[in-house]
Each structure stands twice: as structure tokens, then as C-alpha cells.
Amino acid sequence: MIEARHLRVLRAVAATGSFSAAGRELGCTQPAVSQQMKALEASVGTPLVVRSGREMRLTQAGEALVRHAAGILAGLTAAEEEVAAIAGLRAGRVRLVSFPSGSSTLVPTALAALRAAHPGTRVSLEEAEPPQSVRLLREGDCDLALAFRYEGAALEGEWDDLVVRPLLTDRLVALVPERHRLPRAGSVAIGELAEESWIAGCPRCRGQLVEVCKSAGFTPRIDFATDDYPAVVGLVGAGLGVAVLPQLAIESVRPRGARTVTLEPAVRREIVALTLPDLARVPAVAATLEQLAVAAGRK
């Protein structure tokens with residue numbers, strides 16, 4: 001019989017590349033990791049790792065078991081949480097991953113409401129941009145991921161294996177210095193900014209900026225690039241360039257020395273909450289999904 005604790009050890013060994021490193025990650029000794037790996041190999045009846053000098057690699061069976069481990073562990077977590085809720089245990093844990101502008105706008109409102117309604121539910125928060133956040137979800141390292149994708153840039157089948165909860169549509173806006181040469185019009189075509197110096201954001205947003213500019217017939221001259229939205233706003237406010245940011249990011253930062261202008265044609269991104277089908281049935285995860293929808297105005 002394969003035990004969950006043995007699968008967690010196998011995943012740690014595969015991720016770190018050694019028994020000693022896996023022990024440090026799991027908070028146990030190297031002999032304990034070795035003992036549990038031997039027990040797992042005995043359970044499945046075949047070697048899972050091959051050692052050659054100081055190097056170690058997974059066998060074909062080991063690779064197969066690691067591929068299935070995330071789904072198995074997610075299913076076990078779902079079963080444990082659901083059984084606990086049925087038994088009347090008013091507790092739960094949710095590991096939430098969110099991109100920064102979601103963390104500073106949607107997440108605080110949702111978690112405050114969740115704590116008021118379910119004080120026994122604990123939520124941990126980690127920040128990561130998609131696609132890293134989606135990878136963390138699929139690998140079993142979080143229960144819920146707040147993510148986004150741009151209209152027209154979605155990959156076919158990108159999230160087909162996940163539960164997708166649409167939250168809101170976030171429009172991009174242009175951010176220019178307060179005393180910019182453009183008149184204080186309500187909107188601007190991105191082509192009017194073709195000769196400007198640009199300040200770009202996260203890698204996915206940067207890629208979208210290049211695509212939007214390309215469709216307008218120019219390649220942006222990116223002088224600065226940073227994942228930190230306050231830094232983008234600060235650079236624009238200092239007159240060092242212009243930027244295109246999601247409206248949600250602007251809401252979380254006070255744009256001193258800069259002003260926003262509606263961008264035409266409209267460029268939007270879809271904000272969603274993602275989880276695995278098994279985890280969607282866990283009461284604490286379902287409650288967090290509901291509160292995120294409320295915070296986004298979808299409920």
C-alpha cells in the first residue's frame with residue numbers, strides 16, 4: 001500500500017535531487033528519508049531511484065509515481081477536509097497564491113469577510129504571477145490560485161483541467177507623467193506613444209505590451225522593466241517614461257506625479273480564481289472562492 005507520507009518524501013527527493021536535501025526540506029534526517037524511500041520501493045515492488053556516485057536520478061517508475069503524486073495528495077487533502085467538515089470540525093486550511101495587484105485589492109476584502117464568517121479557517125498567502133502560480137496549483141503546492149490572462153492571448157486548453165471561477169475583467173490604462181506633452185484628453189491611441197520611453201511590468205504584462213504595440217505598428221523602446229508596480233508608477237511620475245498598467249494595479253498604488261489615460265483600442269485581461277476539481281469540494285476552499293467572487297462584485 002502506498003502511503004501519503006511516502007509520496008511526500010518522494011516528491012521532495014525528486015525536487016531536491018538528494019536524500020539529505022529532501023530531509024532538510026521536510027524537517028527530518030537523511031536516514032529517515034532513506035528509510036521511507038525503501039518502504040515505498042518495497043510497497044510498489046520496484047526501484048524508484050538510482051544512485052551513481054554522488055548523483056541520483058529517478059527510474060521510469062519513479063518518474064511515473066512523481067507525476068501522479070500531486071493529484072493523489074490533492075485528492076487525499078480533499079477527502080480529509082470534507083470528512084472533517086461532515087464530522088462537524090469547524091476548521092480548514094487554504095493555501096492561496098495571488099499575483100501582486102490581486103493581493104493588494106481583491107484578497108484583503110475576501111479574507112476579512114472569510115475570517116468573519118469562518119474564524120476557524122486559516123489562509124496562507126504567497127505571491128506569484130501566472131504561469132508560475134498555475135504550476136504551483138497543479139503540483140500540489142497551493143489550493144487556490146488567483147490568476148489572469150489577456151483577451152486574445154489565451155492558449156487553447158490552457159486551464160481545461162482546472163475549475164475556473166471568473167471574477168472580473170480588468171482594463172489596461174496608459175500611465176503618463178503629470179506634465180506630459182499629450183493634452184488632457186480622456187483617451188489615447190497607443191500609437192501616439194510610439195516615440196516614448198517605456199517602463200514595462202511583469203514578464204507576461206511585458207509580452208502583452210510588445211504585442212499591443214506591434215499591432216499598432218511599432219516596437220516599444222523599453223528603458224526600464226520591473227515587477228514592482230509602485231516602482232513603475234514612481235518611474236513614470238519622475239518623468240522617465242510612460243507605461244501601460246492594469247486598472248487593478250492602479251487601484252493599489254497612489255500615482256503621484258503621474259496620471260492615467262484610457263487606452264484605445266481597449267486591452268483587457270480576465271481575472272479568475274483557479275483550483276483543482278477535488279479541492280473545489282473542500283469547504284474552506286469553496287468558501288474562499290465565494291468570498292473572492294463577492295470582493296470582485298460577481299456575487
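1. Which residues line the second largest cavity? In this predicted model, the lining is made up of Thr-77, Glu-81, Arg-93, Asp-143, Leu-279, Val-282 and Val-285. By class, these residues divide into three nonpolar, one polar and three charged, and the volume of the second largest cavity comes to about 40 Å³.

2. The structure holds two cavities of 30 Å³ or more, and the largest cavity has a volume of about 90 Å³. Strand 8 (197–200), helix 8 (203–215) and strand 10 (243–246) are the elements that each give two or more residues to the lining of the largest cavity. Strand 10 provides the largest share of that lining, with four residues.

3. The residues that line the largest cavity are Leu-172, Ile-199, Ala-200, Gly-201, Cys-205, Arg-206, Leu-209, Val-232, Ala-243, Val-244, Leu-245 and Pro-246. Sorted by class, the lining of the largest cavity has ten nonpolar residues, one polar residue and one charged residue.

4. On the confidence of the prediction, the chain averages a pLDDT of 89, and 96% of the residues score at least 70. Among the elements of the chain, the lowest mean pLDDT, 84, belongs to strand 1 (residues 49–52), whereas the highest, 95, belongs to strand 12 (residues 268–275).

Terms used. Residues numbered from 1 in each chain as written. Predicted model: local features only at pLDDT ≥ 70, side-chain atom pairs only at ≥ 80, totals over all residues. Heavy atoms only, no water. 1 Å grid on protein atoms, 1.4 Å probe; cavity = no way out; pocket = protein on both sides within 12 Å on 5 of 7 lines; lining within 4 Å. Points joined across faces, edges and corners; volume = space filled by probe spheres on them. Nonpolar A, V, L, I, M, F, W, Y, C, P; charged D, E, K, R; others polar. pLDDT = per-residue confidence, 0-100.
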